[in-house]
Amino acid sequence: MFREVRDNTLYIDGCSTVTLAKKYGTPLYVYSESDIVRRFEELKKCFLEKYPSTRVAYAAKAFFPVAMAKLVDREGMCVDVVSGGELYTAIKAGFPAEKIEFNGNNKQLAEIEMAVEYGIGRIIIDSLQELHLIEDICREKGKKMNVLFRITPGVKSSSHDYIVTGKKDSKFGIPLDDEVILPQIKGAIDSEFVDFYGLHFHVGSQILNNDSHLQALDIMLNLVTKIKEELDYDVKELNVGGGFGVTYVDEERPSYSYYLDPMMEKIEKYCAEKAIERPNVVIEPGRSIVAEAGISLYTIGSIKDIKDIRKYVSVDGGMTDNIRPALYQAEYTGVIANKAEVEKTEVVTICGKCCESGDILIKDVKIPHPESGDLFAIFSTGAYGYSMASNYNKNLIPGVVMVSDGNDRLIVKPQTYEDLLRNEIL
Ligand code: LLP
């Protein structure tokens, strides 16, 4: 177990959180490398090794410092990027260009140029204009690009509205309309500047039920048939996105197989019935790789007990290092890391230090009697915490430490005040 208690102290991957806080200061993001590797191992076993012609493209947006890019590469995975910045990070980390896939609903000309120049593995086309942009750039540079089309399957998954992406009313993907989509696909099949590979969908994020993935897959397989019947073309690749849910508080995290086995079964059955070769199947997990591997460490400062109402326990970070509670009403839990075996006697609210009443990290968490100077650890902050951090109120973005089997190493330095002013004209 990468999280354990020894001598009243929370340990993560063999490292004492108290020692880490002393060594690196707080707030601090701490990631268990073993836990991240364990997730990739799980995927190897239940997906990559079980089903041939499959790939995992880790969704960089969840957490992507250079050290993570290197880890993803070392584990033999591909990566899904959504911006020039993520692409640049992957390239700087030495990530093989052909294992990079590029998503995004409004890719900029310069970003597509970068992708073509590096010779990345796939561009996932998200709008009707994009194919022409890619063709123009490839024509100019004398290159050819592998492309897929991201389709909005028109399926509503049960998650927070801001992180649901597969429904029809969405800025992502190309709506499923045969009259529009089939001529586009034909254009891509006939193009001398792109190789059309297939279709992509992504139904949303933090999805704990496999229904929406399966429904979307049915819709996509229907389109595969139409492409075969009307364009006489065998789709080579199906990318079914990410979105697999994790445990934040007490949700039961489904296994990868829970989503992937029925999807693979459906695809294989479909291909057998139609007597067509099964397309490659690609998944794009982000959150489920890193969420639970990461914790955030804070030092408790002011404590305000508003009689008969609420006890506010303030920490030295907040919505600037974890915007998710403020943005999505996301729920977390945590412990006083230096009182890990002390009886929990109080229900308190953990709040941040930003000038916003909404800067609440956890509402109503049961902990031992808190005192200023205690170390507070929030669990499952590894996905979309660091990657969505901001400098609001000119708070500094914390550093990131990777721990593994009792060893720790800083992978991102904490920001300094000089960093804050780096781009300002003084
Ligand atoms: N592929 C595509 C095309 C996506 O849009 C996303 C996430 C993923 C893969 C990865 O999904 P995951 O496996 O991480 O669920 N900031 C939000 C999450 C936004 C996700 C957007 N797209 C949050 O903190 O909950």
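Predicted model: local features only at pLDDT ≥ 70, side-chain atom pairs only at ≥ 80, totals over all residues.
A search of the whole structure finds zero disulfides. The ligand sits in the largest pocket, with 20 residues around it.

**Cysteines**

- C351 takes part in no disulfide, and the nearest cysteine sulfur, which belongs to C354, is 10 Å away.
- The sulfur of C354 has its closest cysteine sulfur in C355, at 7.3 Å, which is too far for a bond.
- A disulfide requires two cysteine sulfur atoms within 2.5 Å, so the 7.3 Å between the sulfurs of C354 and C355 rules out a bond there.
- C351 is buried, with a relative accessible area of 9%.
- C354 also counts as buried, at 8% relative accessibility.

**Residues around the ligand**

- Of the 20 residues around the ligand, S205, E284, R287, R324 and Y384 come nearest.
- Sorted by class, the shell around the ligand comprises six nonpolar, eight polar and six charged residues.

**Polar contacts and cover**

- E284, one of the residues that come nearest to the ligand, places a polar side-chain atom 2.6 Å from a ligand nitrogen atom.
- Y384, which is also among the nearest residues, has a side-chain N or O atom 2.6 Å from an oxygen atom of the ligand.
- K61 has a polar side-chain atom that lies 3.1 Å from an oxygen atom of the ligand.
- On its own the ligand has 580 Å² of accessible area, and the protein covers 93% of this area.

Conventions. Residues numbered from 1 in each chain as written. Heavy atoms only, no water. Near = heavy atom within 4 Å. Polar contact = N/O pair within 3.5 Å; in protein donor to acceptor, adjacent residues only side chain to side chain. Areas by Shrake-Rupley, 256 points an atom, 1.4 Å probe, with all protein chains shown as cover. 1 Å grid on protein atoms, 1.4 Å probe; cavity = no way out; pocket = protein on both sides within 12 Å on 5 of 7 lines; lining within 4 Å. Sits in = over half its atoms within 2 Å of the grid points. Nonpolar A, V, L, I, M, F, W, Y, C, P; charged D, E, K, R; others polar. Buried < 20%, exposed > 50% of the residue type's maximum accessible area, 1.4 Å probe, protein only.
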